[in-house]
Amino acid sequence: MILPAWTFGALIWGALGLAGLGAGALFILFVRDIRSGSTW
Amino acid sequence: MSTAPYLPASWGAALLVAFGTLWIALGIHLGRRSKDMEGFTVAGRNVGLALGAATAAATWITSNTVMLAPQFALQLGVWGMLAYCTASIGLFLFAPISARIRTLMPRGYTSAEFIRLRFGRVAHTIFMAISLFYGLTWLVSMAIAGGVLLESLSGIPYFFGMTAILATCVIYTLFGGMFAVIGTDFVQTVLIMFGVVLVGVLVLFEAPTEDIHQTLLERRPMLLDLAFPAALMALFNNLLFGVGEIFHSNVWWSRAFAFREGVAWKAYALAGVLWLPIPIAAGFLGLAAPALGINVVRPDVVGPTVAAEVLGQTGAVVIFLVVFCSLASSIDSLLAATGDLLTHEVVRPLLGTPSDRALRRSASMVIGALGIITWVVCLPWIHRVDRPWYEGDPVGSLATILFFAGPLVGSAIAPIATGLYSRRGNQTSVVIALLAGTGAGLWAYFQLGWYTAALVSAAVSVAVIALGLVTTAPSFEWSKLNPTGRGTNV
């Protein structure tokens, strides 16, 4: 069974999107932690 | 296609010096918080969510993730990438376990300490042997990978690249301990993730997913086949290998001890989400090679090859930084966690009742010694650079070293998981599970294939532990895991 083209595209773009969102979320969380004084 | 470096050696050296200096300065600056052993080993047990999630993700994004995922994709297809993604399941499963560890052992330091208190000395000795073998193998393979990859990417000679990256990590870990490791890991995670996304998106502008799919369909349809047997086997093996690595290794336990109360669970779950897409985001570069007309001579560097061919020197610089960050974030964690293991489980008993200052000094000396031993093992006239480890294996290269530890760590999954949640089980069953699981896994590694080793090891270990659980009484007292009596315990 061959993976359809649209699923293949969704898989790759989805991964890149999730990685980008993850990096952004991490940065926002860090700023929040600094502001609340709970970095460590 | 040429196999010449993608970046001039002068550029590579400049990046190495610039970022090496940055990590050392940042590490030493943050390490000033390490005033005592609590600070040096577990960062004061007060690490917040952002730093916690970043350090777990960064440590798990090794150079293998960045370099091996494209190779997996090139040789095992879509399932190769997905198989690599299953390693994130270990982080998700460890999330509740880390919270449990934090509760049961509020003043704990190492994973081996748990085995000693929970199952006794014999199990502890075997577990230490497995942990040290795994930790040192991972450390040596990362340092070798550092030298080889920096040479492939920029032409920096193996000896100088390996020495520079190892020395950088040893210096800041030795002075800054866990504070330095966690602080630098955060910056490295952000750089890795943005780098991988940047390269991936730019490659897709040159070769849209429809083109990659069409080319694969015409030339290598097996890579898109959802029923590729070897890849399916790799999927389950990789899952269990990842779970085994995380469950047993002090790299992950030391972080569970370092996170603030209530943070460990969230930090590991978030780290899993951060890590999950990386093997696909980096791995699809291997699948893009045919569509871009790139003839891959060395599968182990297919990722940088595609990035450099498509993006020129900008791509090569980004990949160089991603690889450097992923190497440093793993090497520093291994130095710290293996150093803790040796300091607390070997040196401390030898010193009797050492003062905090003496133990802190010993911890630094152990990290320094670990660095020197690793460097000696990785020297080109000891490690055969002329006949490197990326030749002559079905999947080749990094996988060989990576999966050799599979049988060992696979055998530790069941003892750790059941030992943390059940009051049943005893030393005998754990010792048999560790030995029989490792033995069966090693047999499978050599007789059946690397992609079955962790699977067989874990299955044998689970069977032995299950037998131990049904034949013993629930007699263990959880309070024994917190001998100081300080902090919370159930």
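Predicted model: local features only at pLDDT ≥ 70, side-chain atom pairs only at ≥ 80, totals over all residues.
**View 1**
The secondary structure of chain A consists of 1 helix and 0 strands. Its C-alpha atoms fill a box of roughly 50 × 15 × 10 Å along the principal axes. Of the 40 residues in chain A, 22% count as buried. Contact between the chains involves 23 residues of chain A and 37 residues of chain B. On the chain A side, these residues divide into 17 nonpolar, 5 polar and 1 charged.

**View 1. The largest nonpolar core.**
This core holds 190 residues, and the members that touch the most others are B:Ala53, B:Ala271 and B:Ile331. Helix H15 of chain B, residues 302–351, gives the most to the core, with 24 residues. Around B:Ile331, leaving out residues up to four places away in sequence, the residues touched are B:Leu139, B:Met142, B:Ala143, B:Ile165, B:Leu166 and B:Cys169.

**View 2. Helix H3 of chain B and its cover.**
Helix H3 of chain B covers residues 49–60. At 1.5 Å a residue its 12 residues should span 16 Å, and the end C-alpha atoms are 17 Å apart, which agrees. Is H3(B) enclosed or open? Because 12 of its 12 residues are buried, H3(B) is largely enclosed by the rest of the structure. Among these buried residues are B:Ala53, B:Thr55, B:Thr59 and B:Trp60. The cover over them includes helix H1 (5–35) of chain A. From chain B, the cover includes helices H6 (87–104), H9 (158–206), H12 (250–258), H13 (264–275) and H15.

**View 3. Helix H13 of chain B and its cover.**
The 12 residues of H13(B) should span 16 Å at 1.5 Å a residue, and its end C-alpha atoms are 16 Å apart, which agrees. The buried residues of H13(B) are B:Ala264, B:Ala267, B:Tyr268, B:Leu270, B:Ala271, B:Gly272, B:Leu274 and B:Trp275. Which helices cover them? The cover includes H1 of chain A and also H3, H6, H12 and H14 of chain B.

**View 4. The kink in helix H4 of chain B.**
Helix H4 of chain B runs over residues 63–76. Its 14 residues should span 20 Å at 1.5 Å a residue, and the end C-alpha atoms lie 19 Å apart, which agrees. Where is the kink in H4(B)? A kink of about 25° lies at B:Ala69, shortly before the proline B:Pro70. H4(B) is mostly covered, with 14 of its 14 residues buried. Just after the helix, B:Gly77 takes a positive phi of about 75°.

Phi of B:Ala43 is near 50°, a positive value in a residue other than glycine. B:Arg45 is not a glycine either, and has a positive phi of about 55°. B:Ala43 is buried, with 32 other C-beta atoms within 10 Å. B:Arg45 has 20 C-beta neighbours inside 10 Å and so counts as buried; the cut-off for a buried residue is 20 or more.

**View 5. Helices H19 and H21 of chain B.**
The axes of helix H19 (residues 413–421) and helix H21 (residues 453–471) of chain B come within 8 Å and cross at roughly 35°. H19(B) makes the contact through B:Ile413, B:Ala414, B:Pro415 and B:Thr418. On H21(B) the contact residues are B:Ala458, B:Ser461, B:Val462, B:Ile465 and B:Leu469. By class, the residues of this contact comprise 7 nonpolar, 2 polar and no charged.

**View 6. The surroundings of B:Glu345.**
B:Glu345 lies in helix H15 of chain B. Is B:Glu345 buried or exposed? With 23 C-beta neighbours inside 10 Å, B:Glu345 counts as buried. Apart from neighbours within four places in sequence, B:Glu345 is in contact with B:Thr110, B:Ala112, B:Glu113 and B:Met128. B:Glu345 and B:Glu113 are 232 residues apart along the chain, and their C-alpha atoms are separated by 7.1 Å.

**View 7. B:Arg298 in a loop.**
B:Arg298 lies in the loop between helix H14 (278–291) and H15 of chain B. It counts as partly exposed because it has 16 C-beta neighbours inside 10 Å. B:Arg298 and B:Gln71 are 227 residues apart in sequence, but 9.2 Å apart in space from C-alpha to C-alpha.

How values were computed:
Residues numbered from 1 in each chain as written. Chains lettered and ligands numbered in written order. Contact = placed C-beta atoms within 7 Å. Nonpolar A, V, L, I, M, F, W, Y, C, P; charged D, E, K, R; others polar. Core = buried A, V, L, I, M, F, W, Y, C linked by C-beta atoms within 7 Å. Helix = DSSP H or I, 4+ residues; strand = E, 2+ residues; numbered from the N terminus. Expected span 1.5 Å × (residues − 1). Axes fitted to C-alpha atoms, helices over the stretch in contact; angles between N-to-C directions. Bend = angle between axes of the 7 residues up to and from the residue.
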